[in-house]
Every structure is written in C-alpha cells, then in structure tokens.
Amino acid sequence: MANILPFNEVTLQAIKWENGKLQVLDQILLPAITKYVNVNGVEDGWKVINKMQVRGAPAIAMVGCLSLAVEIMKENYMDKKTLHQDVEGKLNYLISARPTAVNIKTAAEYLISLLNKLTEDNSISAEEMKKRLLDAIDEMLEKDVSDNRSIGNYGAEEILSTVHKDHLVRVLTHCNAGSLATAGYGTALGVIRSLHSKESLDQAYCTETRPYNQGARLTSYELVHDKIPATLVCDDMVAALMKNKNIDAVVVGADRVAANGDTANKIGTYQIAILAKYHNVPFYVAAPRTSIDFDTPSGDHIVIEERSEREMTHINDQRIAAAGIQCWNPAFDVTPASLITGIITEVGVYKPEDLIKLKK
Ligand code: MRU
C-alpha cells in the first residue's frame, strides 16, 4: 500500500527506514503529490532506482543497500557461503539499475569486502554474519548525513574565505543534490544550507534542469521548504544570470568523480562550468568520497546513461515536441577537471589534481 501524505504536508525525507520497512518518497510526483511507495526487496529497489522514483547518487546507493537489507532480513541462510553468494549476486544486479552514479558500486564493494572478511572468520556463524551486514547498511545512512554536514561546512568556509569576505554571497546550483538526493541535508545544497545558517547567503539560484526538472521540482521545493532566499532560472538563462547578477560561486553535486578530477554530473553541468570559466566564477563540485572512483582514470571512461526520449517529448502525458522528431537524451555529462576550482568532500576541499591524496 502506498502512503500518501495529506495535501500541503511536505517532507524532505527521501528514504524512510524503520523496523525493517523501507519506503521511498516518489520523486516523480513531487512537488504536486507527496507519496511514499513501499520497497519490499531487491526487485522493487531496482525498479524505483531505474524509474527515478528515487534518484541522486547517494540516495540510489542507500535505497539499493536497504532493499537488500529488507530481503535478507527475511531469509534463513543455511551457511555463510550461500549468504555470501546471494548478497553478491543481488548487489551486482542493483548496480545495473543506473550506470553512471558510482556510489552504489562503492557501497557494494565495501559490503562484499566485509563479507569476505566475515567468511574467513571461523568464529562467526551465518546468522551473526547477516547481522553484521545489516548493521553495516544501517551505519551508511547515519554516515551519509554526517558527511553531508561536513561537506556543507567545508564548502561554506571555502566560499566565504576565498570568494568574498565583504558581502552576502550568491550561489548557483544545478539539478538536485539536496536532502532528496541523499539521506539528508544534501551535498551541493548542504553548502547552500550551511551558508544560509551562517547568515552569509544573499540568494541561491537553481536551474530548471530539463528534462526531468530536478531543479524546478525538487531543489525549488527544498529551498522553499527551508525558507532560503532562492530564485529559479531556466537552463538557457545561466550566461545572462552570470553577466547580470554577480554570481559568486557555482556548487553542484557529482555522480562519479574520476581519479583525475573529471566529474560526471547531471546533463548541463558542463556548459555551466564553461560559462563560469568565461565569467570568472569559481566552480565547485560537492561530493562525498564515495563518489570518487579511483578505478576510473578520467572522464572518458565514464559510462553515460541515456534515457527514454519520452522524458523530452512529454510532460506527464502531454506531448510537447513535434511527433516524429528524433531525440538524444543523455542523463549526464562530464565536466573536465580543468574547469573545476575545487572538490568539496567531507574531509576538506581538494583541487582536482590533489584528489589522489584521498586514495586509500
Ligand atoms: O538523474 P539524477 O537525478 O539521479 O541526477 C542527480 C545528479 O546529477 C546529482 O547532482 C548527483 O547525483 C549528486 S546528488 C547528491
């Protein structure tokens, strides 16, 4: 049964996880309808991620892992080998739901390495191994929120110390890298939240972010919810915005940061970075270390998801593009490291060329 909140009741909680029950806020319906859908296992988890009912790289990772938790909680594993094989197979399946965001792959690798360790430890039973795995998944949720708060703080300090000391700042963001894309607080939107809480923000600007409209539907919703002074612009207004409105910094999220700092994020990010360079506006990527993929040497190696043309040709069921036109709908683009001023992580701000210092 879906859970629809009363009209006017808004929430920024993308993921509800209580007593082994998982629900996600259906982001396709926002902001008009606030409805939670049940996720009863891995198959449901794959579907809500693939359909973008839940989206944003960290939220994808968490819902994937929690959908696995829902399923394994119900199982009684005969032995550790069966548990190991089952979990590994399901994680690999979940990774395939959307190819560009790396966080779910990072989470899967972490859980598989934990399984390897527990399998080797003869003092641990299959039941205990299952419990440790579930605890590790629980901890991910808490860590995501605390990492985002650190990202918010580091990002705000960076912008205030290097960009402007003498006036309230104006920051542009793209897509939605907020509470709705994470376990809470957000990455790029976390930086904006932190600037606002320090009373240092004049105005946040967010782009519409066609074709899925994460900016118009989701980032606007979060900014209005938090009463942060904010203005929406269409994607094609960014050059004019930078020329006319004294933007102090751009902060965006990331789906995958390659080892050299090239960053895949929502389609349109690359053109904003080019415009920022032209207008001398610092361009920041806010991302937890789980978004950095040291196995991918540069952006050329990142697989870019292409989505259905219906996202472009229709709004809800209404066709807005001429029937018969061909469409190209890449969901992400890659911003080269040379256009990125800094990558704001939970352990500090790094120049793209210094990211390698974070490799474990
Ligand atoms: O297609 P989406 O909505 O999943 O894309 C989301 C983004 O591009 C975000 O900027 C990114 O995942 C970071 S979310 C903290």
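Biologist: Accessible areas come from the Shrake-Rupley method with a 1.4 Å probe, and for residues only the protein chains shown count as cover. What does the accessible surface of the protein come to?

Modeller: About 16,200 Å², and carbon and sulfur atoms hold 51% of that surface. A caution before we go on: this is a predicted model, where local features need pLDDT of at least 70, side-chain atom pairs count only at pLDDT 80 or more, and totals for chains, interfaces and linings use all residues. Residues are numbered from 1 along each chain as its sequence is written, and side-chain values use heavy atoms, with hydrogens and water left out.

Biologist: Got it. How many helices and strands are there?

Modeller: Ten helices and 17 strands. They are DSSP runs numbered from the N terminus: helices are H or I with at least four residues, strands are E with at least two.

Biologist: And why call the protein as compact as a globular one of that length?

Modeller: Its radius of gyration is 20 Å, close to the 21 Å that the globule rule gives for 360 residues, so the protein is as compact as a globular protein of that length. That radius is taken over C-alpha atoms, and the rule is 2.2 Å times the number of residues to the power 0.38. The C-alpha trace spans about 65 × 50 × 40 Å along its principal axes.

Biologist: What share of the residues is buried?

Modeller: 55% of the 360. Buried means under 20% relative accessible area, exposed over 50%, and partly exposed in between (1.4 Å probe, protein chains only).

Biologist: Take helix H6. Is it enclosed or open?

Modeller: Largely enclosed by the rest of the structure, because eight of its ten residues (188-197) are buried. Among them are Ala-188, Val-191 and Arg-193. Just after H6, Glu-199 takes a positive phi of about 55°.

Biologist: Which other residues have a positive phi without being glycine?

Modeller: Cys-175 is one, at about 65°. Asn-246 is another, near 50°. Cys-175 lies in the loop between E5 and H6, and is buried at 7% relative accessible area. Asn-246 sits between helix H8 (238-244) and strand E8 (249-252), and is exposed at 58%.

Biologist: Where is Arg-170, and what does it touch?

Modeller: Arg-170 is in strand E5 (residues 169-173). Its contacts (heavy atoms within 4.5 Å) include Asp-202, Tyr-205 and Asn-246, leaving out residues up to four places away in sequence. Arg-170 is partly exposed, at 24%.

Biologist: Which peptide bonds are cis?

Modeller: One joins Leu-30 and Pro-31, with omega about 5°. Another runs from Arg-210 to Pro-211, with omega near 5°. Pro-31 is in the loop between strand E3 (21-25) and strand E4 (35-39). Pro-211 is in the loop between strand E6 (201-207) and helix H7 (214-225).

Biologist: Last one. How far apart are the mean positions of the positive and negative charges?

Modeller: 2 Å, for 38 positive and 46 negative charges. Lys and Arg count as positive and Asp and Glu as negative, while His and the chain ends are not counted. Each charge is placed at NZ of Lys, CZ of Arg, CG of Asp or CD of Glu.
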